[in-house]
Amino acid sequence: MTRASLDKQPHEVASMFDGVAANYDLTNDVLSLGQARLWRKEVAKAVGARPAQKVLDLAAGTATSSLPFAATGAYVVPCDFSLGMLREGKKRNPWLPLTAGDATKLPFKDDVFDTVTISFGLRNVQDTGAALRELYRVTKPGGQVVICEFSQPTWALFRTVYTEYLMRALPPVARAVSSNPDAYVYLAESIREWPDQAALAALLQKAGWGKVAWRNLSGGIVALHRGVKPAEGQ
């Protein structure tokens, strides 16, 4: 699936995120009912960053998601296509090497990072397969990918309630707490149209990743996918 179904071009999505950069982290905490912080902790555990490792944090936004990796002593590169997000991140964390980049054409050499990770950003890339291949390209043989993304709740009744929340409750809440509520209407629509857990795992495998697996968080509202780039000779 591509973002074309949502009638947004990449530059339009970037502009949309520029407009919500200042309050983005706070708004996410409110709209996720506080779960966003829990999800970030689970990503940090899955990444398992260590001193001297190189970590690419794609769709890093204001770099809030990058801080747990940096705290371990790893060298983390926060990367995002929204200049507004990066500017806000630089104000807060001027010591981080925030980098502008397109997920489908990353500004890095082959085989650079021990871990590549993206949280809640893969949905906003127009060509999911191209992004997964780019992440594969810049990862060292034996390195890993960790993807945290909204997914499909596993309990059918809860899935119905969740979908109703996304499309009916989320936009009014966004209007109350965000300077650009239309951005969150778009995000709700992108979540509803996003592939389920098994479908994303299949896309990872198609891009070349091995040992692909996932686990659900918050009943499947979010899924944490992992994959490994085969070591040389495998």
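A charge sits over a ring if NZ of Lys or CZ of Arg is within 6 Å of the ring centre and within 35 degrees of the ring normal. The close-ups below come from a predicted model, where local features need pLDDT of at least 70, side-chain atom pairs count only at pLDDT 80 or more, and totals for chains, interfaces and linings use all residues. Residues are numbered from 1 along each chain as its sequence is written, and side-chain values use heavy atoms, with hydrogens and water left out.

**View 1. K229 meets the ring of Y136.** Here the charged end of K229 sits over the Y136 ring, 4.8 Å from its centre.

**View 2. F108 and F113 form an edge-to-face pair.** Rings of Phe, Tyr and Trp (its six-membered ring) pair if their centres lie within 6.5 Å; planes under 30 degrees apart count as stacked, over 60 as edge-to-face and the rest as tilted. The structure holds five such aromatic pairs. In this one, F108 and F113 are 5.2 Å apart centre to centre, with 90° between the planes. F113 counts as buried because its relative accessibility is 2% (buried means under 20% relative accessible area, exposed over 50%, partly exposed in between, with a 1.4 Å probe and protein chains only). F108, at 16%, counts as buried too.

**View 3. F120 and F150 form a tilted pair.** Their centres lie 4.8 Å apart, with 45° between the planes. At 19% relative accessibility, F120 counts as buried, and F150 is buried at 17%.
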